[in-house]
Amino acid sequence: MSDVVIKVEGVSKQYRLGQVGTGTLSHDINRWWYRVRSKEDPYLKVGESNDRTTKGDSEYVWALRDINFEIRKGDVVGIIGRNGAGKSTLLKILSRTTTPTIGNIKLKGRVASLLEVGTGFHPELSGRENIFLNGAILGMTTREIRNKFDEIVDFAGIERYVDTPVKRYSSGMYVRLAFAVAAHLEPDILVLDEVLAVGDAEFQKKCLGKIREVSDNDGRTVLFVSHSMASVRALCNYGVFMDKGRTEGLESVAGAVEKYLYGANQLEALAEYDGSNPTYYANADMTKSVKVNRVQIVDEKGEKSNKFRTTEPFTIRIEWSNLSGVACSPNFQLKSSMGVNVMIASDSPIDWDGNKKKASGTYLSEFTVPGGLLNANDYYLSIALDSHSPRVCFESHVDVMRIVIWDPMDETNLARGMFVGVREDVVLWPALECSFKKTS
Amino acid sequence: MSSHKDHEHWDLIIRPRANLFDLGLKDIWRYRDLLRLFVKRDFVAQYKQTVLGPVWNIIQPVFTTIMFLLVFGKIANIPTDGIKPTLFYMAGITIWNYFSTCFTTTSTTFVTNAAIFGKVYFPRLVLPLSVVISNIVRFFIQFGLLLIMMVYYQFNGYPIHIGLQWLLIPFLVVLMGGIGLGSGIIISSLTTKYRDFTILVSFGVQLMMYATPIAYPLSYLMGKSYKWVILINPLTPVVEAFRYALFGKGHFEWSSLIYSVLFMIGSLGIGSVIFTKTERSFMDTV
């Protein structure tokens, strides 16, 4: 017998858009009539993939389309994807709050799902009463809860309030209690949906620790949906990347995270620019003194790319021509996706006034941005060919390329260390030169 | 391709469509603790932050009885089969209340619990069952009041007839609860798609009360042409039998009670099949 505990076989889920309940009677009757004649449901044939950005023709969409994967005992699997990719629908089917339209899922052992913390909490009941009620809703028996009661109260850290109605709790306490109950469920398969998004940092850490403990020590299987790549990377050993209701199945967590981060940034995913889109000429008669011929972004090995790890250096190569013998300093600028100009750099350290490149001809200028400096983000690259004395901007190419810097979130990222979490607000996350010594 | 994997044991297979008659009764048994806690919750939570608490259970039938005494007794002057009018109305109201709360509360099972149903699985039938059980507690409180009144009137010239017919009472309560539950879950399943039924229930129950001999005895209708309306009502025999059991007076036939029993079995059977079919995917339509 294999140790596969979850087997998803060809699962699809169709939803009807628009108002349900009006005008469905005719569809219901039609459907019923087809079924009576043991024909296939006519509405299953229609339906489009679930792309919420484009307006479709069909009333029916496939929220999930032909999902297949297997999960073995003890695996912690992160399910990731953009909003509307079908993650929650999949979890809903797994936790049996709805059914697939086609296909089936086979499961071994007891499944507990935590799609929301505090499901069924009654505001008027005390913490104690809610622990029992919530535990029972999640499938525990009263005896199991009684055995775990002290542990739950302790984990939540609400001992003093245990006999107070939960409506008087702070939202943090409420969430702590709710997660504490769920964390002590001891199911064979635990399904979690983004529950860690709540609570303070300390509690989040505690939750992550608990989940890891559950899978490491007890060999339980965990399915975990999150938008926090840091949590997924820290917690899971496999990933399922979903996109518009489809998935390629189980893969390494690094692979899935990479797909998620890359896939979201397909736009302008070019590692080369041919200088055809200048936004600014200095000369009034539009004749060119200088001209950008080609811009490439390359990695350490000289391979063209526009996606780099935070730990990886990359080089911007500008091929340009000096057409009329002017002093010229090529330079570039990086702007973060939040519109912040992050850096500007030219080759003035080696050519103070640009006079060294005064001779007409073609040049190759290279700038290397070191690894371990920028935080994960998207950056827009602008290129300019300037003269600094007298100050003239010959040619400028604004936001012509996009560079994606992503965080592998593993041990290679020295700057991050064991920190779990995403800091999208920060531009630089460098691995600085640092030191410490014991002073007493 | 029917490899060895087909012989593997799976604890659970989630399919698009389940067997029509697989009601998951075993599952309900496994969740019996939840059933108990729901009953407790219903009862405890309802009276938190009220001054009178469970006393409200008594106030409602008392005032309804007074109203009936006034309207049907004094104004309409309808006879009460020789039973003391206060007791007559109170008995009818007590058993009717049990039915109507069971029916109206279970009929909104899916809609009112959509939030919790959408997040976690447990056998959905647990909820309507808990409603019926927690209402039994309320029924017994009101029934206790009725007994106190009967003892009071014992000393005022209306002796209590204690006899074997009292054994009918638990059976009648189960029957009333069963009919309420059965028809309630049928309606609740239909409500997930068509909300029209919610509106229908809210005034339907009121109309139904007038079609049940609560405020008048069945004997009052003898020889009237519209009597059949009251007779096809499966609740009529239950109410009449309830009063017969308590006071030894009234219209009671085993044959008509069997009609009620068949109706209960029928509605529970159809109801649980529809209900389990609905619970699997109602989240998509509710």
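Contact is taken here to mean heavy atoms within 4.5 Å. By this criterion, in a model that is predicted throughout, 39 residues of chain B are in contact with 53 residues of chain A. Residues are numbered from 1 along each chain as its sequence is written, and chains are lettered from A in the order in which they are written. Because the model is predicted, local features need pLDDT of at least 70 and side-chain atom pairs count only at pLDDT 80 or more, whereas totals for chains, interfaces and linings use all residues; side-chain values use heavy atoms, with hydrogens and water left out.

The two chains bury about 4100 Å² between them, 57% of it on carbon and sulfur atoms, where buried area is the accessible area (1.4 Å probe) that two parts lose on being put together, summed over both. On the chain B side, B:Trp10, B:Ile14 and B:Lys119 lose the most area to chain A, together accounting for 18% of what that side buries. Between the chains there are seven residue pairs in polar contact, both residues being at pLDDT 80 or more, a polar contact being a pair of N or O atoms within 3.5 Å, of which, within protein, one must be able to donate a hydrogen and the other to accept it, while residues adjacent in sequence count only if both atoms are side-chain atoms. The side of chain B that touches chain A draws its largest share, eight residues, from helix 2 of chain B, helices being DSSP runs of H or I of at least four residues and strands runs of E of at least two, numbered from the N terminus.

The chains are also joined through strands: three bridges link strand 5 (residues 102-107) of chain A to strand 1 of chain B, and these strands run antiparallel. Two strands are said to pair if DSSP finds at least two bridges between them. Within this pairing, A:Lys106 has B:Ile13 as its bridge partner.

Within chain A, an open sheet of four strands has the order 11-13-15-18, with antiparallel pairing; its edge strands, strand 11 (272-273) and strand 18 (361-369), each pair on one side only. Eight bridges join strand 13 (residues 290-298) to strand 15 (residues 314-322) of chain A, and A:Val290 stands opposite A:Asn322 in strand 15. A:Lys291 lies in strand 13 and is partly exposed, with a relative accessible area of 32%, the category between buried (under 20%) and exposed (over 50%), computed with a 1.4 Å probe on protein chains only. The side chains of A:Lys291 and A:Asn293 are joined by a polar contact of 2.9 Å.
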